[in-house]
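Me: I should like to understand the terms used for this protein. Please take them one by one.

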Amino acid sequence: MVELKVNGLVIREINLDSTDKMFTLLTDEFGRMNVVAKGVKNVRSHFLSSTQLFTYATFILVRLKDYYYINDCTVIENNYDIRLDFKKLALSTYICDVLYEVSRENLKEENVLKLGLNTLYAIAKDVKELSIIKASFEFKIACEIGYRPDLIKCRNCGEENPENSYIKVLDGFFLCEKCNSMIQNTTDIVDNNLQNIFYMSFSMLCALRYLAYCKISRFLSYNLEDSEQVIFCNFCEKYLLSHIEQDFGTLEFYKSL
Ligand SMILES: [Zn+2]
């Protein structure tokens with residue numbers, strides 16, 4: 001049997017029976033991998049803690065038919081602090097669900113993994129407010145998987161720094177206020193619950209520009225006025241969910257808390 005050594009983040013776990021479980025790893029080299037852990041639920045199992053959700057570890061795996069089996073592992077980061085707070089736990093579970101949906105098997109997922117690790121660390125260590133960590137992750141992951149919008153200039157007139165602008169979620173570009181009022185009647189659309197078009201102040205546009213192009217390790221190094229955070233966070237959530245065409249029960253649960 002050929003052994004495979006990977007660094008992976010546990011993003012999903014499923015109980016198979018009273019002793020065994022299956023978990024999903026997100027790795028940089030091989031993307032998403034399903035791994036079976038036999039006897040792992042025994043309290044004396046060496047792998048009990050290392051196969052828990054949010055754990056990042058070095059795993060030694062062997063492949064048998066369609067699944068990988070765990071042979072050994074060494075924990076790098078267990079993100080334990082997430083488990084001490086109900087809201088952090090709920091948000092992190094949603095983050096892992098998104099990572100699961102957007103990652104692929106047998107393909108490199110270096111950036112998706114890096115952003116996942118940075119996000120869970122930020123949640124565990126209170127690097128910023130949870131709402132901003134969540135929104136930053138949502139918009140950044142959308143950019144990383146191919147949905148980076150054009151934020152350089154107004155698509156119609158070329159204005160680069162408009163005081164006010166509008167972004168239609170699925171269009172992938174923005175219009176300045178003047179062009180927007182010429183082209184579409186936003187008063188109906190902005191006000192209704194569909195929220196297909198979002199108003200952006202210049203500072204919100206700058207925050208999106210920052211997120212779209214920043215290094216993953218610096219994805220939280222920007223500031224936004226408190227008064228602008230609600231619209232900004234709503235936009236980032238809507239932007240990701242609309243592009244990947246997914247709803248998440250774990251997101252609804254987090255929002256209900
Ligand atoms: Zn314009």
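Reply: Buried residues make up 35% of the 257 residues in the protein. The model is predicted: local features need pLDDT of at least 70, side-chain atom pairs count only at pLDDT 80 or more, and totals for chains, interfaces and linings use all residues. Residues are numbered from 1 along each chain as its sequence is written.

Me: How do you know that the length of helix α1 agrees with its number of residues?

Reply: The expected span is 1.5 Å times one less than the number of residues. Helix α1 has 17 residues (86-102), so it should span 24 Å; its end C-alpha atoms are 25 Å apart, which agrees.

Me: Why are 8 helices and 8 strands counted in the protein?

Reply: Helices are DSSP runs of H or I with at least four residues, and strands are runs of E with at least two, numbered from the N terminus. By that rule the protein comes to 8 helices and 8 strands.

Me: Which residues belong to domain 1 and which to domain 2?

Reply: The domain assignment, automatic or from a database, gives residues 1-78 to domain 1 and 86-257 to domain 2. Their C-alpha centres lie 31 Å apart.

Terms used: A residue is buried if 20 or more other C-beta atoms lie within 10 Å of its own, exposed if 12 or fewer, and partly exposed in between; C-beta atoms are placed from the backbone.
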